[in-house]
Amino acid sequence: MSIAYLNGDYLPQDEARISPMDRGFLFGDGVYEVIPVYQGVPFRLEEHLQRLANSLAAIELDNPLSDDAWCELFERLIEKNGGGNLGIYLQVTRGTAPKRDHAFPSPAVPGTVFAFTSPVATPAADSPDTAEGAVAITLDDIRWSRCDIKSTALLANVMLKQQAIASGASEAILVRDGFATEGSASNFFIVEGGVVLTPPKSHLILPGVTRDLVVDLCHQHNVPIKETEVTEGQLKAAEEIWLSSSTRELVPVVTLNGHAVGDGHPGPLWKTMARHYVDFKRRLCGAS
Ligand code: PLP
């Protein structure tokens with residue numbers, strides 16, 4: 001039985017209850033994080049807590065816990081859920097107001113803090129020689145223009161992901177004004193002429209913790225990388241395409257819009273970076 005955290009209590013997940021007047025439920029008025037845990041150790045915790053703080057500040061919601069209190073919460077949640085490899089989901093909403101009103105409640109009410117863990121699948125990067133790779137399609141980026149906030153209001157992402165699934169793909173790479181932005185639940189990289197390209201951080205993409213790590217690893221290992229806009233045309237002509245996210249780490253895309261990417265198999269530079277990623281993970285968490 002999974003144990004969740006809700007507003008100070010640890011309890012079986014299916015016993016956790018919030019009010020239907022919670023602004024997270026009524027408006028999607030909240031932010032969230034997903035933090036991978038390897039061998040019981042949270043991965044890139046500082047970076048996730050910093051992004052949480054940024055998202056909360058962007059929606060003018062006080063951080064309900066100090067970083068130390070967050071760390072203690074995660075430690076207890078991991079222990080209560082048996083440790084090992086997990087994903088921690090946490091969300092903070094603007095709480096339960098007495099009436100439904102778009103404006104922030106005044107005076108402010110306590111935020112709702114909810115966290116739970118789920119098992120994570122073994123990522124492709126763990127087995128670079130046998131990984132099959134993902135199928136993706138391109139879709140119009142129909143989202144708002146504050147995609148840098150990790151908001152729980154994910155309706156556009158949900159619809160885009162579902163459109164990808166319905167077409168037999170597992171991810172949609174989104175295109176706005178002729179430029180590829182990110183995946184519906186991931187950032188992306190391409191390889192062009194042996195150089196790795198990924199869009200720069202802006203209001204139009206989530207500043208992915210995995211994206212930043214892959215950029216750092218490229219620099220550390222002298223793999224040429226540029227943070228620069230990527231046109232839809234460059235995406236479609238790329239030698240390799242990779243997706244990054246905390247739960248899937250680094251995944252090669254082998255088919256885009258029904259066409260093979262490169263030779264239709266995970267590319268050589270992806271294999272190199274997957275090995276660097278897994279080495280880094282092992283050094284940090286002793287992960288297997
Ligand atoms: N972009 C979007 C829209 C996402 O939903 C996610 C993760 O869920 C990412 C990028 C990747 O972010 P991270 O690497 O921090 O998990």
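**View 1. The loop that holds P107, between strand 5 and strand 6 (112-119)****.** P107 is found in this loop of the predicted model, where helices (H or I, at least four residues) and strands (E, at least two) are DSSP runs, numbered from the N terminus. S106 and P107 are joined by a cis peptide bond, with omega about 0 degrees. Residues are numbered from 1 along each chain as its sequence is written, and in this predicted model local features need pLDDT of at least 70, while side-chain atom pairs count only at pLDDT 80 or more and totals for chains, interfaces and linings use all residues. Side-chain values use heavy atoms, with hydrogens and water left out.

**View 2. The loop that holds E60, between helix 2 (45-58) and helix 3 (67-80)****.** Although E60 is not a glycine, this residue has a positive phi of about 55 degrees.

**View 3. The aromatic pair of Y32 and Y89****.** The structure holds nine aromatic pairs, counted for rings of Phe, Tyr and Trp (its six-membered ring) whose centres lie within 6.5 Å, with planes under 30 degrees apart taken as stacked, over 60 as edge-to-face and the rest as tilted. Y32 and Y89 form a stacked pair, at 5.5 Å centre to centre and with 25 degrees between the planes. Because Y32 lies in strand 3 (residues 30-38) and Y89 in strand 5 (residues 86-93), the pair ties together parts that are 57 residues apart in sequence.

View 4. For K150, the distance from a side-chain N or O atom to an oxygen atom of the ligand is 3.4 Å.

**View 5. The shell around the ligand****.**

Note on methods
A residue is near a molecule or strand if one of its heavy atoms lies within 4 Å of it. A polar contact is a pair of N or O atoms within 3.5 Å; within protein, one must be able to donate a hydrogen and the other to accept it, and residues adjacent in sequence count only if both atoms are side-chain atoms.
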